[in-house]
Amino acid sequence: MFEGITAGLATAMAWQNLIYVIIGCFAGTFIGMLPGLGPMSAIALMIPVTYGFDPASGMILLAGVYYGAIFGGSTSSILINAPGVAGTVATSFDGYPLARKGQAGKALALAAYASFSGGTIAAIFLLLAAPMLAQVSLSFQSPDYFALMVLGLTAVAAFAGKGNVLKAIMMAILGLMLSTIGTDQSSGIQRFTFGKMDLIDGIDFLLLAMATFALAEALMSVFRPDKGGPSSDQLSNMGSLKLSKQEVKEVAPTVARSSILGFFTGVLPGAGATIASFLAYGMERNLASAKEKLGFGKGSLKGLAGPETANNAACTGSFVPLLTLGIPGSGTTAILLGALISYGVQPGPRLFVEQPEVFWSVIISMYLGNLVLLILNLPLIPYIAKLLNMPKQILTPLVLFFSLTGVYLISFNTFDIQMMVLFAVAALVLKLMSFPMAPMILGFILGGMMEDNLRRSLMISDGSLSFLWERPITLAIISIAVVVLLVPAIQAFRKKPEAVEATA
Amino acid sequence: MGIRQNFRRILAGSILATVCVSGVSQAEIINKAHFLVPGGAGGGWDSTARGIGEAMNRSGIIDKVSYENMSGGGGGRAIAYLIETAERQKDTLMVNSTPIVIRSLQKVFPQSFRDLTPVAAVIGDYGVLAVRADSEIKTFADALKIFQGNSRKLKVAGGSVAGSMDHLIAAMIFQAAGENPRKVRYVPYDAGGKAMAGLLSGETQLLATGLGEALEMERSGKIRIIGVTADERLPSASNIPTFKEQAVDASFVNWRGVFGPPGLDNDKVAAYGELVKKMYDTEEWQKVRDANGWVEIYKPGNEFMAYLESQEKELGALMKQMGFL
């Protein structure tokens, strides 16, 4: 194994491969920053460039693109509330409010540090235990995934803090309902498609996120210039990049926890970066003190660091099933698998034995990629953040333009544009009545996976609900979800009399 | 290779590739191809298009190749688009595969392969049933015994929705063994890889998939393939038994091929057929083919059409019996 690592190290450190990492990170960041283009499009765009490379160099470049695009996606989530990837939706929950408070610089810097830490810690795990973890990734069955999605949904509670529990739950249910549109996996029957071919594949996540986040926000700034977007004097200082010692102390445990959580969620082929980021967000809020809890959704540093760390750690984790089993856990890793095959490398249990230099150089280049990304991006942050200094008359149309074209360029379907506008207007109306959008997108993303796994579990257990308690993993996760939901309720119930006494 | 050439590849391979519009009508000389992929980047159709395109381009059979991804409607949107704009799509080839037959039978989209010009079937992938390496099921007969005892005890994983190809492969095999195909307990996953993970995690007993996706897992000793729907054992995987030799008359191949717009003239179809034939002999193609585990099944023009019609009949009868039509 050590021979493999040294060979991998030598390959990854070769000067041309270092250049590839840099090019990959740079290209990825740039593409990912455009709203609508995520890691999947970025990698697909870059694959033709790598034809003719040797496999290790090709993968090194693409891994750089992957990380870069995720980081770039966080940037657009934070600055203009346009998450181009499902994995960065949770980043926008607290990142965008931070930017609106005039702390865009700090938010971006924190995102960069968090991504770096998450990616690096996960890469170390990968280095130490990848072959062993293959077994872990296969230990999860459909009931366990279902339980995991339920746990993810409890994050809705995070948006219910401001007294509108009912509104948050209603929006989560709306999201769950929207996720049922399209072809039903278990029966092959079309649901709520109104006979329209464009709806057979369901509603695209990107479309919904762009419409309800970016477009609705841009429209809001037109409707209520006082409410949408930061005021100009707040922006004249985009805030310092530096985190105070106190703040570092505050986020450090968050980063550590979220890296581990993110990595292990990423290892599971049926979960991935999105679930990881929601779980981390939910976890951080549940662990936060009562006072900190109020800050979530309004620009909490922990609320930004948690999901941002977890999604990067999960991306690294998703290389475990890809490299050791040849099983892609997400659309992005599926594209990477295609790229590997086109280089003549067959990922699977034998890769580690037969082509150790490819296996290890990819893992080592991940570490390098994270480092390069940090070095590359920190100096750029002030310039990127300046984007917000643009007069609103220019910024708003630009956001509208990029969001609409971003979605169009993926499907080339005008129906998608119409649907986007419809959703954006609906979202605007709901926002004016102060319904939160985040629970809706949470319900939408988790809803589809939750339903598929529930239906599969039921099919496998022949319709019996016993799958909920038959496996220890399922039972454990379900119990955590129940505790997460019940404890705050009980606490609130018990605390009230005390609070009254204190004031009396 | 030169940077400039690389750059050209970026442009050509870009998912933002624009539609080539051209009025060249000389059928004999084909020096460029535009591939329309009815699904997103990275899928099976995409890798087929890019595999064929790159092999043709790199070996110098054609000078220029471009790709266009258009997903939606289970491939139906690309079909509708090709028909609507047929006039300016004379140089466009759309990649497709067996699902065009299945989905048109299911009325997912109103068109069928008859509304296009079948140019050639290029590659094929056989269906397989696989079990975990440590499964007590060693042969198809073992699986059949469990099925006959209680079909609920034999869950079959597959990487697509109920009623689609993986499901039909499993149903077809059990039907050929004299069983009721409706009794097959099919558990759908949203991708082939996840179905594989489902089998390996032990939640299903069988996996129905394509040979290409299962072969590497078999070689690494994680799974065992208990039968392949080919007529004879394959030279590339001679240890895998066919269903035929296990006295189960199941024969199926998932073809992947290319279609032209409706009304493409015969000369051009023939010229494309020749192009594919020429490609088979190139080193570049053989490399791509072996890397992906593809099997060549050459069926040009009319032969392809006749094959599609017989497949439609066969699958249609099976789907009707299963209650999907």
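Let's start at one residue: Asn81(A) counts as buried, with 29 C-beta neighbours inside 10 Å. Buried here means 20 or more other C-beta atoms within 10 Å of the residue's own, exposed means 12 or fewer, partly exposed is in between, and C-beta atoms are placed from the backbone. Asn81(A) is not a glycine, and yet its phi is positive, about 60°. Asn81(A) sits in the loop between helix 4 (55-80) and helix 5 of chain A. Helices are DSSP runs of H or I with at least four residues, strands are runs of E with at least two, and both are numbered from the N terminus.

Some ground rules. This is a predicted model, where local features need pLDDT of at least 70, side-chain atom pairs count only at pLDDT 80 or more, and totals for chains, interfaces and linings use all residues. Residues are numbered from 1 along each chain as its sequence is written, while chains are lettered from A and ligands numbered from 1 in the order in which they are written.

Ala247(B) is a residue other than glycine, with phi near 65°. Ala247(B) is in the loop between strand 8 (223-228) and strand 9 (253-260) of chain B. Is Ala247(B) buried or exposed? Ala247(B) counts as exposed, with 10 C-beta neighbours inside 10 Å.

Next, the two chains together. 46 residues of chain A are in contact with 46 residues of chain B. Contact means that the C-beta atoms of two residues, placed from the backbone, lie within 7 Å. On the chain A side, helix 3 (39-50), helix 15 (331-342), helix 19 (392-411) and helix 21 (438-460) each supply at least two residues. Which helix gives the largest share of that side? Helix 15 of chain A does, with six residues. By class, the chain A side has 20 nonpolar, 20 polar and six charged residues. For these classes, Ala, Val, Leu, Ile, Met, Phe, Trp, Tyr, Cys and Pro are nonpolar, Asp, Glu, Lys and Arg are charged, and the others, Gly among them, are polar.

One loop residue of chain A touches chain B. Gln346(A) is in the loop between helix 15 and helix 16 (351-354) of chain A. Gln346(A) is buried, with 20 other C-beta atoms within 10 Å. Not counting residues up to four places away in sequence, Gln346(A) touches Gly326(A), Ile341(A), Leu351(A) and Glu216(B). Gln346(A) and Leu323(A) are 23 residues apart in sequence, and 8.8 Å apart from C-alpha to C-alpha.

On to chain B itself. The domain assignment gives domain 1 (3-124 + 255-321) and domain 2 (125-246). Those bounds come from an automatic or database domain assignment. Taken over C-alpha atoms, the two domain centres are 28 Å apart. 12 residues of domain 1 are in contact with 12 residues of domain 2. Helix 4 (99-105) and helix 11 (301-321) of chain B each supply at least two residues of the domain 1 side. Helix 11 of chain B gives the largest share of that side, three residues. That side has six nonpolar, six polar and no charged residues.

Now the core. A nonpolar core is a set of buried Ala, Val, Leu, Ile, Met, Phe, Trp, Tyr and Cys residues joined through C-beta atoms within 7 Å. The largest one has 264 residues, and Ile43(A) and Met210(A) touch the most other members. Helix 5 (residues 89-137) of chain A gives the largest share, 22 residues. Domain 1 and domain 2 of chain B both give residues to this core, so it lies between them. Leaving aside neighbours within four places in sequence, Ile43(A) is in contact with Leu62(A), Val65(A), Tyr66(A), Thr332(A), Ile335(A) and Leu336(A).

Last, a helix pair. The axes of helix 8 (residues 205-223) and helix 21 of chain A come within 11 Å and cross at roughly 180°. That makes helix 8 of chain A roughly antiparallel to helix 21 of chain A. Axes are lines fitted to C-alpha atoms, for helices over the stretch in contact, and angles run from 0 to 180 degrees between N-to-C directions. Angles under 35 degrees count as roughly parallel, over 145 as roughly antiparallel, 65 to 115 as roughly perpendicular and the rest as oblique. Helix 8 of chain A brings Phe205(A), Leu208(A), Ala209(A) and Thr212(A), and helix 21 of chain A brings Met440(A), Ile441(A), Phe444(A) and Ile445(A). By class, this contact has seven nonpolar, one polar and no charged residues.
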